[in-house]
Amino acid sequence: MTSRLDSAQPYALGLYRIVIGLLFACHGAASLFGVLGGARGGGTLEAGTWPGWYAAVIQLVGGGLVALGLATRAAAFVGSGSMAYAYFVVHQPEALWPLQNGGELSAVFCWALLLLVFTGSGALGLDRALGGRAAVSGPRPRDRTPSVA
């Protein structure tokens with residue numbers, strides 16, 4: 001049973017990455033374009049306002065990159081950092097616990113994206129498709145031909 005689960009791990013990680021990326025991108029699209037309920041109950045954020053508009057751009061672009069599996073680790077790192085900033089600067093001064101300060105979503109996105117920084121994109125990502133066989137099977141061994149001295 002364990003070997004079957006281990007063999008499915010890259011695909012489960014790929015699906016996890018896609019779902020987290022899509023949710024993160026949708027959160028940004030709602031704030032920027034007013035879709036899916038919009039920001040703060042129906043509106044959009046004014047362009048260039050700090051920090052909300054910039055966070056929404058990071059969410060939309062970073063979430064799209066994570067969902068596609070393109071530059072996953074870098075996009076997840078930036079997204080995780082933006083959510084840590086959102087939690088500690090925007091939510092945490094209101095109260096200590098996420099349930100009290102409304103920061104549950106920021107905390108969950110921060111940790112979900114941080115996991116992807118360390119695991120990578122898993123299967124089904126463009127990183128692997130564009131990287132060719134070397135990305136899937138690992139680095140090639142060095143040519144060890146002896147040098148003539």
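Analyst: pLDDT is the predictor's confidence in each residue, on a scale from 0 to 100. You need it here, as this is a predicted model. The protein's mean pLDDT is 85. Of its residues, 85% reach 70 or more.

User: Where does pLDDT stay under 50?

Analyst: Over residues 133-141. For that stretch the model has 5 contacts beyond four places in sequence.

User: Now the record. Which residues does the UniProt annotation "transmembrane region" cover?

Analyst: The unreviewed UniProt entry gives 12-33, 53-70, 75-93 and 105-126. Residues 12-33 are 100% helix and 0% strand. Their end C-alpha atoms lie 31 Å apart. Residues 75-93 are 89% helix, again with 0% strand. There the end C-alpha atoms are 27 Å apart.

User: Next, packing. Which residues does L60 touch, not counting those up to four places away in sequence?

Analyst: F24, A25, G28, A29, L32 and F33. L60 itself sits in helix α2, residues 52-68.

User: Is L60 buried, exposed or partly exposed?

Analyst: Partly exposed, because its relative accessibility is 27%. Buried means under 20%, and exposed means over 50%.

User: And the nonpolar core? Which residues touch the most other members?

Analyst: The largest nonpolar core has 14 residues. Those touching the most other members are F24, V66, A76, M83, L113 and L116. Helix α5 supplies the largest share, 6 residues.

User: Take L113 from that list. What is it in contact with, leaving aside neighbours within four places in sequence?

Analyst: I20, F24, V66, A76, G79 and S80. F24 turns up again: it is also on the contact list of L60.

User: S106 is in helix α5 too. Is S106 buried or exposed?

Analyst: Buried, because its relative accessibility is 8%. Beyond four places in sequence, S106 touches M83, A86, Y87 and H91. M83 is one of the core residues named above.

User: What about N101? Which helix holds it?

Analyst: Helix α4, residues 98-101. N101 counts as buried because its relative accessibility is 8%. Leaving aside neighbours within four places in sequence, N101 contacts Y87, H91, Q92, E94, A95 and L96. Y87 and H91 are also among the contacts of S106.

User: Which backbone atom does the N101 side chain reach?

Analyst: The backbone nitrogen of G103, at 2.8 Å.

User: Last topic, aromatic rings. How is a pair described?

Analyst: By the distance of the ring centres and the angle of the planes. A search of the whole structure turns up 5 aromatic pairs. One of them joins W50 and Y54. Its centres are 5.6 Å apart, with 50 degrees between the planes. That pair is tilted.

User: Which residues form one aromatic cluster with W50 and Y54?

Analyst: W53 and Y85.

Notes. Residues numbered from 1 in each chain as written. Predicted model: local features only at pLDDT ≥ 70, side-chain atom pairs only at ≥ 80, totals over all residues. Heavy atoms only, no water. Helix = DSSP H or I, 4+ residues; strand = E, 2+ residues; numbered from the N terminus. Buried < 20%, exposed > 50% of the residue type's maximum accessible area, 1.4 Å probe, protein only. Polar contact = N/O pair within 3.5 Å; in protein donor to acceptor, adjacent residues only side chain to side chain. Contact = heavy atoms within 4.5 Å. UniProt positions renumbered as here; feature names shortened; annotations may be inferred. Phe/Tyr/Trp six-rings, centres within 6.5 Å; stacked < 30°, edge-to-face > 60°. Core = buried A, V, L, I, M, F, W, Y, C linked by side-chain atoms within 4.5 Å.
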